[in-house]
Amino acid sequence: MAAIDNLEKVKITVDGTTIECVGGSFKGVPFFVNEHDREGGGRNIVTKLVPFSSNFVHEDTGGKVPVYRMQIFFIGSECYQARNNFIAACDEEGVGELIHPFYGKFRADCTDLTIRGDRSGVNYCTAEVVFEPKSSNEGAAGRKDLAGG
């Protein structure tokens with residue numbers, strides 16, 4: 001099996017023809033991915049100093065929330081409508097399904113969107129978008145330990 005077979009694919013319309021290709025989508029709006037980054041790996045570590053000494057303690061407060069940053073584009077005669085649909089999906093309140101070509105499907109919020117353009121961009125639109133995944137305990141009962149235990 002080729003590595004490309006393991007990547008997520010979406011259906012995208014380019015110049016009136018719908019093709020299935022490696023790409024992404026958010027809330028059902030497909031896009032091509034130019035570059036992608038996953039930031040925020042590792043653990044949240046809080047350092048606490050022990051009073052009246054030179055000692056300290058590291059406290060692990062859990063994993064960091066990953067951030068998925070992508071440079072995306074739309075192409076073809078439909079690119080302006082696709083761009084506007086994507087802006088509307090990102091501006092809409094609530095989480096939605098994100099299909100990331102390399103990290104798969106998960107529910108996420110769009111936390112930042114920058115649309116770019118230049119004079120050579122006929123039938124070509126670009127954007128930089130940032131997604132944060134919905135909590136893994138979606139739908140689980142909330143729990144607060146006010147005793148600090």
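Predicted model: local features only at pLDDT ≥ 70, side-chain atom pairs only at ≥ 80, totals over all residues.
Residues are numbered from 1 along each chain as its sequence is written, and side-chain values use heavy atoms, with hydrogens and water left out.

First, some terms. Helices (H or I, at least four residues) and strands (E, at least two) are DSSP runs, numbered from the N terminus. Two strands pair if DSSP finds at least two bridges between them. In general, strands of a sheet pair through backbone hydrogen bonds, either parallel or antiparallel.

Back to our pair. Leu 98 sits in strand β8, and on another strand Phe 26 stands opposite Leu 98. Strand β3 (residues 24-26) joins β8 by two bridges, and the two run antiparallel. β8 and β9 are also antiparallel, over five bridges. They form a hairpin with three residues between them. Another bridge here links Gly 96 to Ala 108 in β9.

Is β8 enclosed or open? Four of the five residues of β8 (residues 96-100) are buried, so it is largely enclosed by the rest of the structure. Buried means under 20% relative accessible area, exposed over 50%, and partly exposed in between (1.4 Å probe, protein chains only).

Now zoom out. Six strands close into a barrel, in the order β3-β4-β7-β10-β9-β8, with antiparallel pairing. The twist averages 45° from one strand to the next. Helix α1 packs on the sheet and touches β3, β4, β7, β9 and β10. Its direction makes about 20° with that of β10. Contact means heavy atoms within 4.5 Å. Axes are lines fitted to C-alpha atoms, for helices over the stretch in contact, and angles run from 0 to 180 degrees between N-to-C directions.

Next, the cores. A nonpolar core is a set of buried Ala, Val, Leu, Ile, Met, Phe, Trp, Tyr and Cys residues joined through side-chain atoms within 4.5 Å. The largest one has 21 residues. Which residues have the most contacts inside it? They are Phe 26, Phe 31, Phe 86 and Phe 131. β4 (29-39), β7 (67-75), α1 (79-91), β9 (104-116) and β10 (124-133) each supply at least two residues. The largest share, five residues, comes from α1. Apart from this core lies another, of seven residues, among them Ile 12, Cys 21, Phe 32 and Phe 73.

Strand β1 (residues 9-14) pairs with strand β2 (residues 17-22), antiparallel, over six bridges. Val 10 has Cys 21 in β2 as its bridge partner. Two residues lie between the strands, and Asp 15 in the turn has a positive phi of about 50°.

What touches Glu 78? Leaving out residues up to four places away in sequence, Glu 78 touches Thr 13, Val 14, Asp 15 and Gly 16. Glu 78 lies in the loop between β7 and α1. Its C-alpha is 6.7 Å from that of Val 14, although they are 64 residues apart along the chain. Glu 78 counts as partly exposed, because its relative accessibility is 22%.

Last, the cysteines. A disulfide is a pair of cysteine sulfur atoms within 2.5 Å. By that rule, the count is zero. Cys 79 is in no disulfide: the nearest cysteine sulfur, that of Cys 125, is 3.2 Å away. Cys 79 is buried, at a relative accessible area of 1%. Cys 21 is buried too, at 15%.
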